[in-house]
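This briefing covers two chains, taken topic by topic. Please keep the sequence and the coordinates open while reading.

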Amino acid sequence: MTTFPLPDLGEGLPDAEIVTWHVKEGDAVKVDQLMVSVETAKAIVEVPSPYEGIITKLHAAAGDVVGTGEPLVDFQLTGASAASAAPTAVQVESHAPQSGTVVGMMPVTGEIIEEHSLLRRTRHAVGDQVRAVPAARALARRLNVDLAQVSGSGKDGVITLDDVLAAAPLESPRRKVASAVEATVLGNRRHDDGAELLHGPRRAMAQSMSRSRDEIATCTVFDDADVHAWPEGTDITVRLIRSIAAAVKEEPGLNARFDPSGPSRILFDHIHLAVAVDSPEGLIVPVIRDIDKKSGAELRASVDHLRKSVRERSVAPEEMRGYTFTLSNFGTLAGRYATPLVVPPAVAILGTGRLQRDVVPTETGIEAHRRIPLSLTFDHRCITGGEACRFLAALIRDLGKSA
Amino acid sequence: MAQITMIEAITMAHAWELEHDPSVVLLGEDIGINGGVFRATAGLQQRFGSERVQDTPLAEGMIAGMCVGMAAQGLKPVAEIQFMGFIYPAIDQIVNHMSRMRNRTRGRMSCPVVIRTPHGGGIRSPEHHSESVEALFAHIPGIRVVCPSTPARAYGLLLAAIRDPDPVLFLEPVRIYRYAKQEVANDGRALPLDVCFLLREGTDVTIVTWGAMTVETLKAATQLAAEGISAEVIDLATISPIDSEAILESVARTGRLVIVHEAARNCGVGAEIAAIVAEQGLYDLQAPIQRVTGYDTVMPYFKLEHDYLPSVARIVDAVHATFVD
């Protein structure tokens with residue numbers, strides 16, 4: 001048996017006079033069914049039933065004055081009201097005289113709030129979130145292009161429609177889609193002369209090298225590192241990587257990003273090294289992260305993993321982004337010196353040629369030393385010749401050590 | 001440290017300011033002897049006297065006008081408009097005088113008024129008692145609009161509002177006046193205005209909301225987490241001026257934005273937030289911005305009230321809609 005008291009009908013009114021009962025003892029009522037009309041100092045108010053049940057007792061008759069909070073109606077709960085009579089249900093806060101609610105029901109739970117809020121966090125650098133013009137996103141979805149693999153040519157590296165078109169893979173069914181899109185979107189850019197349309201890494205290379213040509217103030221310095229002090233079986237690639245870390249420490253200006261619109265540059269406090277790898281698909285440039293924090297064994301493991309991924313064509317998009325310096329070890333094939341290209345917004349690249357024995361004059365006579373030819377290309381908009389040469393000197397010094 | 005409801009936190013903040021700042025005066029209908037229809041000012045007239053806590057006639061324009069005059073004479077009035085639906089007669093004073101006093105006097109005077117009013121519906125009250133028209137005031141330069149969502153933020157933000165030398169419209173979400181309790185230290189420490197509060201960190205979608213809708217939004221976030229979607233929930237807290245930097249920073253990381261407000265859709269504050277993100281964060285978005293709002297109708301009476309108010313399900317659906325692929 002549940003007693004429903006006269007609720008606080010608003011503005012702290014102390015009592016109300018019963019005008020008309022709309023139910024009688026013994027009636028079955030539903031929730032919200034009109035139960036009684038009462039008159040307060042302000043107006044006649046209709047009180048709905050808060051429960052589903054059977055009216056067992058009316059505590060006052062028409063004309064009686066009932067105090068707020070005093071018993072009004074007794075119910076025998078049935079159905080949903082009986083089931084939810086458990087204390088954990090939201091209570092109707094309507095019986096305490098000081099509750100201060102107008103007609104209606106203010107939800108009250110027993111919940112205690114545990115404060116977890118933070119006051120505005122400081123901005124941290126945007127991670128690998130891809131920034132693309134919305135139309136480019138839609139096009140990428142249609143052409144099945146992975147935006148993470150597309151390099152953006154718009155302002156601040158935003159991916160544009162053209163970038164997506166350039167990156168679209170063109171196996172035969174999609175070739176039609178891409179061509180159709182090109183025809184409609186770009187008018188007269190199709191080639192009908194039987195030329196092989198480039199896709200994947202070749203397409204990306206054509207794009208990024210064009211950007212390099214258009215934007216970078218290229219200057220290359222050549223020198224040789226004398227490595228005759230190296231013992232048998234020295235891991236060449238690992239020594240090259242280590243020397244880059246040593247040189248960056250001395251001249252951090254080559255491990256940076258340049259923005260010509262400032263002009264401004266950011267010197268990075270981490271070194272993520274992109275390693276140029278040749279593959280049947282073309283030039284692939286996966287990244288080894290934090291080379292200055294890895295041991296020789298860890299670097300070797302990273303390089304092996306990298307070559308394996310390229311062979312298996314399993315280089316993930318994240319593994320190609322975020323590099324701060326590049327190594328192009330073309331010397332495993334042929335070639336001594338080169339003018340490797342820097343792809344913006346990076347500012348430098350080291351090309352290493354074939355390690356071979358050179359005849360060198362020394363103070364004591366003629367000797368044959370193992371040497372590695374070095375070609376350091378840098379963006380002269382933001383790196384001075386002095387910085388580049390000091391970098392090169394630090395490279396040569398570190399490579400010259402026996403271990 | 002007691003665990004108190006939002007209403008008690010509001011009373012506590014009033015008492016602190018009445019005690020520590022002799023220029024603070026409260027006024028409003030039924031706030032004195034009665035302590036307010038929601039008991040927000042319970043016991044204050046008994047404690048501080050009828051000159052500091054004044055019962056006014058039933059005249060909102062007059063209440064607001066008195067505030068302008070009191071503020072001009074060096075007092076700090078904190079007025080209650082009994083329900084936001086009653087604020088319209090006061091708009092003349094608020095817009096034509098309060099919000100302009102600093103501008104009109106070229107900075108020689110400001111108008112340190114706080115107008116507090118219960119905001120929103122969900123308590124089955126009659127017509128005019130469930131309004132949420134914050135957009136009207138967000139549009140007016142010179143007045144701040146603030147809306148807390150927990151007892152602690154109600155305490156801290158009300159203190160900040162009272163201490164601020166410019167007018168603040170302080171919206172109190174009536175549906176959560178007594179919904180839950182929280183430990184709030186009565187230490188007089190204000191929270192900063194004009195910044196968002198991060199309620200839940202997430203990586204997949206940013207949900208911006210305020211007032212009572214933070215409850216449903218956090219429930220939706222829990223439901224989404226079970227589906228593997230990590231939602232970041234931001235309490236706007238100060239509705240005007242909008243802390244757009246916090247929202248843009250969050251969207252830059254998540255790439256998706258859903259805005260939830262109880263107020264009607266057309267030209268609601270959600271539209272302004274969406275415009276800001278479209279202007280300054282477009283390239284970070286991976287899907288169109290979604291708004292979950294009340295409908296463009298008069299707020300219905302209690303039988304349809306919960307159909308009007310954005311539900312947990314509607315919020316979850318809106319988040320799903322941002323995962324178009």
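Which residue just after helix 9 of chain B takes a positive phi? That residue is B:G255, with a phi of about 80°. The model discussed here is predicted, and its scores are ipTM 0.70 and pTM 0.59.

**Overall make-up**

- Chain A contains eight helices and 22 strands.
- Chain B has 12 helices and 14 strands.
- In chain A, 29% of the 403 residues count as buried.
- In chain B, buried residues make up 59% of the 325 residues.
- For chain A, 62% of the contacts between residues at least 6 apart in sequence join residues at least 24 apart.
- For chain B, 80% of the contacts with a separation of 6 or more are between residues 24 or more positions apart.
- The average pLDDT of chain B is 95, and 99% of its residues score at least 70.
- Where pLDDT is low, predicted coordinates should not be read in detail.

**Helix 9 of chain B and its surroundings**

- Helix 9 of chain B spans residues 244–254, and its buried residues are B:A246, B:I247, B:E249, B:S250, B:V251, B:A252 and B:T254.
- These buried residues pack against three strands of chain B, namely strand 10 (205–209), strand 11 (231–235) and strand 13 (257–264).
- They also pack against helix 10 (269–280) of chain B.
- The loop between strand 12 (238–240) and helix 9 of chain B holds B:P241.
- The peptide bond joining B:S240 and B:P241 is cis, with an omega of about 5°.

**Helix pair in chain A**

- Two packed helices are described by the angle between their axes and the distance between the axes.
- Helix 6 (residues 236–250) and helix 8 (residues 385–400) of chain A have axes that come within 8 Å and cross at roughly 135°.
- The two helices are therefore oblique to each other, and their crossing is right-handed.
- From helix 6 of chain A, the contact is made by A:R239, A:R242, A:S243, A:I244, A:A246, A:A247 and A:E250.
- From helix 8 of chain A, the contact is made by A:R390, A:F391, A:A394, A:L395, A:D398 and A:L399.
- By class, the residues of this contact between helix 6 and helix 8 of chain A are seven nonpolar, one polar and five charged.

**Helix pair in chain B**

- Helix 8 (residues 213–226) and helix 12 (residues 312–321) of chain B pack at an angle of about 55°, and their axes are 9 Å apart.
- This pair is therefore oblique as well, and the crossing of helix 8 and helix 12 of chain B is right-handed.
- In helix 8 of chain B the residues in contact are B:E216, B:T217, B:K219, B:A220, B:Q223 and B:L224.
- They meet B:V312, B:I315, B:V316 and B:V319 in helix 12 of chain B.
- The contact of helix 8 with helix 12 of chain B divides into six nonpolar, two polar and two charged residues.

**Backbone features in loops**

- Most residues other than glycine have a negative phi, and most peptide bonds are trans.
- A:R313 is not a glycine, yet its phi is positive, near 55°.
- The loop between helix 7 (296–311) and strand 19 of chain A is where A:R313 is found.
- A:R313 counts as exposed because 11 other C-beta atoms lie within 10 Å.
- B:H128 is likewise not a glycine and has a positive phi of about 75°.
- B:H128 sits in the loop between strand 5 (114–119) and helix 6 (134–138) of chain B.
- B:H128 has 13 C-beta neighbours inside 10 Å and so counts as partly exposed.
- The peptide bond from A:P344 to A:P345 is cis, with omega near 10°.
- A:P345 belongs to the loop between strand 19 (325–328) and strand 20 (348–352) of chain A.

**A buried proline in chain B**

- B:P77 lies in strand 4 (residues 76–80) of chain B.
- B:P77 is buried because it has 25 other C-beta atoms within 10 Å.
- Not counting residues up to four places away in sequence, B:P77 touches B:V25, B:L27, B:C67, B:M70, B:A71 and B:V113.
- B:P77 and B:S23 are 54 residues apart in sequence, with their C-alpha atoms 8.0 Å apart in space.

Technical notes
Residues are numbered from 1 along each chain as its sequence is written. Chains are lettered from A and ligands numbered from 1 in the order in which they are written. This is a predicted model: local features need pLDDT of at least 70, side-chain atom pairs count only at pLDDT 80 or more; totals for chains, interfaces and linings use all residues. Axes are lines fitted to C-alpha atoms, for helices over the stretch in contact, and angles run from 0 to 180 degrees between N-to-C directions. Helices (H or I, at least four residues) and strands (E, at least two) are DSSP runs, numbered from the N terminus. Angles under 35 degrees count as roughly parallel, over 145 as roughly antiparallel, 65 to 115 as roughly perpendicular and the rest as oblique. A crossing is left-handed if the near helix is turned anticlockwise from the far one by less than a right angle, and right-handed if clockwise. Two residues are in contact if their C-beta atoms, placed from the backbone, lie within 7 Å. Ala, Val, Leu, Ile, Met, Phe, Trp, Tyr, Cys and Pro count as nonpolar, Asp, Glu, Lys and Arg as charged, and the others, Gly among them, as polar. A residue is buried if 20 or more other C-beta atoms lie within 10 Å of its own, exposed if 12 or fewer, and partly exposed in between; C-beta atoms are placed from the backbone. pLDDT is the predictor's confidence in each residue, from 0 to 100.
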